[in-house]
Amino acid sequence: MPLALEISDRAYVLAHGSLVLEGTAAELRQNHELLMASYLGEPVADLAIDTK
């Protein structure tokens, strides 16, 4: 995922078809722990955060 954030302006993370995380690539890089948890499939309720 780091490469995707290096070449993107914004990113959206979906879990089971629901948006659980969004923001600029810089914002998401700063919240590495939450980003990795969403990538590894943590429960959606634990990740529902809007970084706007």
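Guide: Start with the largest nonpolar core: ten residues, namely Leu5, Ala11, Val13, Ala15, Val20, Leu21, Ala25, Leu28, Leu34 and Leu35. Strand E1 (10–15), strand E2 (18–24), helix H2 (25–30) and helix H3 (32–39) each supply at least two residues of this core. E1 gives the largest share, three residues. This is a predicted model: local features need pLDDT of at least 70, side-chain atom pairs count only at pLDDT 80 or more, and totals for chains, interfaces and linings use all residues. Residues are numbered from 1 along each chain as its sequence is written, and side-chain values use heavy atoms, leaving out hydrogens and water.

Visitor: What makes a set of residues a nonpolar core?

Guide: Its members are buried Ala, Val, Leu, Ile, Met, Phe, Trp, Tyr and Cys residues, joined through side-chain atoms within 4.5 Å.

Visitor: Why is leucine 5 called buried?

Guide: Buried means under 20% relative accessible area, with a 1.4 Å probe and protein chains only. Leucine 5 has 4%, so the label buried applies. Of the 52 residues in the chain, 31% are buried.

Visitor: Which residues does leucine 5 touch, beyond those up to four places away in sequence?

Guide: Ala11, Ala25, Leu28, Arg29 and Leu35. Contact means heavy atoms within 4.5 Å.

Visitor: Where does leucine 5 sit?

Guide: In helix H1 (residues 2–7). Helices (H or I, at least four residues) and strands (E, at least two) are DSSP runs, numbered from the N terminus. The chain has four helices and two strands, in the order α-β-β-α-α-α from the N terminus.

Technical notes:
Buried means under 20% relative accessible area, exposed over 50%, partly exposed in between (1.4 Å probe, protein chains only).
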